[in-house]
Amino acid sequence: MHLRKIIAAILIPFGAAVLVGLVVLWPGGAPAHERTGVGFDRQTEQASVTKVVEISCKEAGASGVPPTGDTSTAEGSSAEQQEKGTCKRATIRVDSGKDKGRTFTEIIQPDQSRQLHEGQKVVVAYEPSAPKDLQYSVTDINRRLPMGVLAGIFALAVVVVGRMRGVMALVALAISFLVLTFFILPAILQGSNPLIVAVVGASAIMLIALYMCHGLSARTSVAVLGTLISLLLIGILGSLFIDWAALTGNTDDNTGLIHGLYPTIDMSGLLLAGVIIGSLGVLDDVTVTQTSAVWELHEANPSMGWRGLYRAGIRIGRDHIASVVNTLVLAYAGAALPLLLLFSIAQSGVGTVANSELVAEEIVRTLVGSIGLVASVPVTTVLAALVVSADRTGEERAVEASAVPAPARGGRGRRRKR
């Protein structure tokens, strides 16, 4: 009971502080700005490809001209292939917005990576300042149907296997998405400190997800406390090494666009916020698994003390550490695979690649998150062992107290006949 009171004394003020932080930092919405027409910052509409016909690239005027007439170069070879190749003229109908029903044509070159076909759903960009026949252009494919089907399969699998807990996990996932969409992102755009917003938002997600999925219990509270301590370590290490390595957080077109639209946003703070939020999901998995492992070990052998529970739990945790760290590294490597491929093509050395800010960000993100994950295992395991062993002692004392026979009543009562 003393340990439970200590946990409550930590988590209740923490939960209250998170609630106050949500109220104080809650944004009025993302501030408006004039669209730049660059990247994602442009108006888009839904459209359909109504007709596709094959035509000569030369007739369509889609061929390029080699800069020097030399077809041995990549540009010259591509231009020659396009001039002699067969292009496609696609007719696209706008299906949403004020110009619904309007059609325009687009030429698809033979070496273009995105080939359109009749009946395909696409996304078109609208540029009002362009000439009327050039205001619309295909910018992407509409992938809502396959992504919706895949999401439905995922949800079905979670519910079938997880049953009620699976349902609660999906609800918690939806709430996490809402916190991210309606609090974290608008609050950062509104000018609040990205690190503080990320800490408050990630803490809210952690409390909601863990207690909703696993119930209000000492076991869940131990997992929450272990996650909180690990997140604190990740925040400290991330802040220290992002500053030491002079990482600006402004490394690509998207971050450059954000900085251009909202110069007041601290981009290095945004990078640290991403490290914290990105680590939270894996941390939840590790802390909940370690806590459950210790509780199950206690159920299997109630006589085991907290030291024995810790030793058995940490053995499980070592296997977990090995797999999770490998997962993090491979996940980041997979996301940065095109970039790594470019470095490989350029025959850059490992030191040169690692020193590049774009790669250094991912290295710092991976290593800081991994250190937090590694630390979460012994921290959560020892907390769980202490709590469950304290519960065991209390239960044993109660059993022992109930098993002691009541003292015989004094006096000269009559002896019963046998």
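Okay, quick one: two strands pair if DSSP finds at least two bridges between them, and helices (H or I, at least four residues) and strands (E, at least two) are DSSP runs numbered from the N terminus. This is a predicted model, where local features need pLDDT of at least 70, side-chain atom pairs count only at pLDDT 80 or more, and totals for chains, interfaces and linings use all residues. Residues are numbered from 1 along each chain as its sequence is written, and side-chain values use heavy atoms, leaving out hydrogens and water.

Strand 4 (residues 121–126) runs antiparallel to strand 5, with five bridges. Within that, Val122 has Ile141 of strand 5 as its bridge partner.

Now the cores, meaning buried Ala, Val, Leu, Ile, Met, Phe, Trp, Tyr and Cys joined through side-chain atoms within 4.5 Å; buried is under 20% relative accessible area, exposed over 50%, partly exposed in between, with a 1.4 Å probe and protein chains only. The largest nonpolar core has 56 residues, and Phe183, Ile184, Val197, Met206 and Trp295 touch the most other members. Which helix gives the most to this core? That's helix 8, with eleven residues. A second, separate core has 14 residues, including Val94 and Ile141.

In the model, 145–162 is 100% helix, with its end C-alpha atoms 25 Å apart.
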